[in-house]
Every structure is written in structure tokens, then in C-alpha cells.
Amino acid sequence: MSLRAAILGFLRLEPTSGYMLRKRFEGSVGAFWSVTQSQIYRELHALEKDGLVVSEREPGEGKPDRLVYSLSKRGMVELDAWLRAPVEPLHLRHPLLLKFVLAAELPPRVLDDVLAKYGDSLAATRAEYTARLSMKEIFSLARSKREATLWRLSIEHGLAWCDAELAWVDKARRELRPKRGRR
């Protein structure tokens, strides 16, 4: 439901094409939600079939025509219901933790390298989140101060998650480091 709801939410902001929806994803929620162009179009077709969006062909001056999608009244009702529904706690499926639990037979240096590389990727993700906080092109899309605050808080959530993960990686590496004088 999340992709479906996200598309409905973006179409509430303004009618747009599938291509521009992808740009909106990348510019706003791309830090914590990824989507492919084919997923967007597949979902748009399903939403239209279900009567939640409508499309209109816009002539392309010198370019191919494009379909512009907009939210229907039924789509607005479904989006509002989704926004009001309680959120279930996240069920964590973490590939690193699965590897970690099964890594007892790995040489310590190999496991440390896995943790170090994971930490490096987290640091890069954290840097992306930090950069997003100062990106005017993201926040200029907000229709109100409240909306900009919600977007900022979602990015700050990503930063807090990265900080917690990085702290855990540091702790795990310290605790698993061979003690001097031991083999």
C-alpha cells in the first residue's frame, strides 16, 4: 500500500506525469524510499483501473504526447483513509544482522571488514541526509510551513537512524576486536 499511497499523495500536490512522479520521489522521499520508473507506471495503471486516478493526454509540442495523472475523488478518500490509519511497528529485516548471527566461523578480520564497509555506507547515507536538509529544491516544493517541517523531520529521522546504526557498528567492532595477548 505504501507506493500506492505515495503516488496518491504526490498527485494530491499536483497532477503530473509518471516521469515527474519519479523526480518527486527522488527529490523528497528518495532518502528513505526508493522506486523504479516501471514500478510507478505499473502502479499508475492499477490506480487508474481502480478509479483512484484519471489520466489525460497532453500534446507534446515537438515531443511525444504525455499522460498527466490526477487524483480522483475516490483516490482522495483512499489517501485520507491511509493517512489516518495507525502505523504498525516496523518488522525489521536487516541483511547485516542475518549475516552477523551466522558469522561465528568467519575470521575476525573478515567480519570486521564487513562491519567497516557497512559503517562506510551508513556514513555516506548520513551525508546524503545531511545534504538534503539544506537543499532548497526539496523544501521549495512544500506547500506550507507545516509541510516543510514534516519533510525536515523525516530527514532528521533518517539521520537519527544512521547515528544509531553507526554507534552499534562501532560497539560491535570494539567488542569483537581480538584482545592483545590473545589469539
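## Notebook: helix packing and salt bridges

I began with helix α2 (residues 18-29) and helix α3 (residues 37-49), which pack at an angle of about 125 degrees with their axes 9 Å apart. For the record, axes are lines fitted to C-alpha atoms, for helices over the stretch in contact, and angles run from 0 to 180 degrees between N-to-C directions. Helices are DSSP runs of H or I with at least four residues, and strands are runs of E with at least two, numbered from the N terminus. The angle makes α2 oblique to α3, where under 35 degrees counts as roughly parallel, over 145 as roughly antiparallel, 65 to 115 as roughly perpendicular and the rest as oblique.

I noted that this is a predicted model, in which local features need pLDDT of at least 70 and side-chain atom pairs count only at pLDDT 80 or more, while totals for chains, interfaces and linings use all residues. Residues are numbered from 1 along each chain as its sequence is written, and side-chain values use heavy atoms, with hydrogens and water left out.

**Entry: the α2 and α3 contact.** I looked up the handedness of the crossing of α2 and α3 and found it right-handed (a crossing is left-handed if the near helix is turned anticlockwise from the far one by less than a right angle, and right-handed if clockwise). From α2 the contact takes Gly-18, Tyr-19, Leu-21, Arg-22 and Phe-25, and from α3 it takes Gln-37, Ile-40, Tyr-41 and Leu-44, contact meaning heavy atoms within 4.5 Å. I sorted the residues of this contact into six nonpolar, two polar and one charged (Ala, Val, Leu, Ile, Met, Phe, Trp, Tyr, Cys and Pro count as nonpolar, Asp, Glu, Lys and Arg as charged, and the others, Gly among them, as polar).

**Entry: α1 on α3.** I then turned to helix α1 (residues 2-13), whose axis comes within 10 Å of that of α3 and crosses it at roughly 80 degrees. That angle makes α1 roughly perpendicular to α3. Here Leu-3, Arg-4, Ile-7, Leu-8 and Leu-11 of α1 meet Gln-39, Ile-40, Glu-43, Leu-44 and Leu-47 of α3, and I recorded seven nonpolar, one polar and two charged residues in this contact.

**Entry: salt bridges of Arg-4.** I counted eleven salt bridges, each a side-chain nitrogen of Lys or Arg within 4 Å of a carboxyl oxygen of Asp or Glu. In one of these, Glu-43 pairs with Arg-4, the closest N and O atoms being 3.4 Å apart. Glu-43 lies in helix α3 and Arg-4 in helix α1, so the pair ties together parts that are 39 residues apart in sequence. I found both Glu-43 and Arg-4 buried, where buried means under 20% relative accessible area, exposed over 50% and partly exposed in between (1.4 Å probe, protein chains only).

Arg-4 also meets Glu-78 in a salt bridge at 3.0 Å, N to O. This pair links distant parts of the chain, Arg-4 in helix α1 and Glu-78 in helix α4 (residues 73-84), 74 residues apart. I noted 16% relative accessibility for Arg-4, whereas Glu-78 is partly exposed at 25%.

**Entry: Arg-24 and Glu-14.** I looked up a further salt bridge, between Arg-24 and Glu-14, with the closest N and O atoms 2.7 Å apart. Arg-24 lies in helix α2 and Glu-14 in the loop between α1 and α2, so the pair ties together parts that are ten residues apart in sequence. Arg-24 is buried, with a relative accessible area of 11%, whereas Glu-14, at 35%, counts as partly exposed. I also traced one network in which salt bridges that share partners join Arg-4, Glu-43, Asp-50 and Glu-78.
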